[in-house]
Amino acid sequence: MKLGTNCALLVIDIQQEDFQDMTPDNLADPAWDCIRSARRVLDVFRARRLPVIHVQEAHRADHVDFGRELDGAEGPHCLEDSPGTDFAWLTYPLPGEYRVVKRRYSAFFGTDLEILLRGLQVDTLVLVGGLTDVCIHYTAADAHQWDYHIRVVADAVAGSDPEAHAASLRAIRYLQRDALVTAADVEAAE
């Protein structure tokens, strides 16, 4: 795997809502494996000064922008005025890192992500975060449709359940045979 200047990291929906019980004292808990792996990838991108884009799901308090999302298993979540919508502390954006707010599953849908990526001259996206079967999958599929190379860090994403997670990883690998990597692969990249 190579990490050239044409690569960007998308940190998707790693928000406090899902990590409110995580503290420095319990960081070794297996429940936090995914975010620890995401942090390892984030550290590589930061050390190499490659673009980092934090994607944040946020909805208006009056729910007007949820659309069909509430027809599924999820209830209202990631409301703009909720402290849980903020980024998780372990992967919190640093000055100079980009932020994109989205109101749908895909980080491309209704956002300025494509404009940002073109401006950065990116052709390869590395994805970490959640949920594998929802926002990661939809973003990866849209990135594929926009002709980006995608690399999903399999140990730095988590799904709504193990079966959905595994099925989504298979679907992403179907789109691009080299799409699945690990945090160790990123750390060892040229």
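**View 1. The largest pocket of this predicted model holds about 380 Å³ of space.** A pocket is an open set of points on a 1 Å grid over the protein atoms alone, with protein on both sides within 12 Å along at least five of seven lines. The volume is the space filled by probe spheres (1.4 Å) set on the points. Lining residues have an atom within 4 Å of a point. Helix 1 (16–19), strand 4 (124–130) and helix 4 each give two or more residues. Helix 1 gives the most, with 3. Helices (H or I, at least four residues) and strands (E, at least two) are DSSP runs.

**View 2. Helix 4 (residues 132–145) packs with helix 5 (residues 162–175), their axes within 10 Å.** The axes, lines fitted to C-alpha atoms over the stretch in contact, cross at roughly 5 degrees. That makes the two helices roughly parallel (angles under 35 degrees).

**View 3. Arg 39 and Asp 43 form a salt bridge (2.7 Å, N to O).** A salt bridge is a side-chain nitrogen of Lys or Arg within 4 Å of a carboxyl oxygen of Asp or Glu. Both residues lie in helix 2 (residues 33–47), 4 residues apart, about one turn. The structure holds 10 salt bridges.

**Notes.** Residues are numbered from 1 along each chain as its sequence is written, and side-chain values use heavy atoms, without hydrogens or water. In this predicted model, local features need pLDDT of at least 70 and side-chain atom pairs pLDDT 80 or more, while totals for chains, interfaces and linings use all residues.

Note on methods: Axes are lines fitted to C-alpha atoms, for helices over the stretch in contact, and angles run from 0 to 180 degrees between N-to-C directions. Angles under 35 degrees count as roughly parallel, over 145 as roughly antiparallel, 65 to 115 as roughly perpendicular and the rest as oblique.
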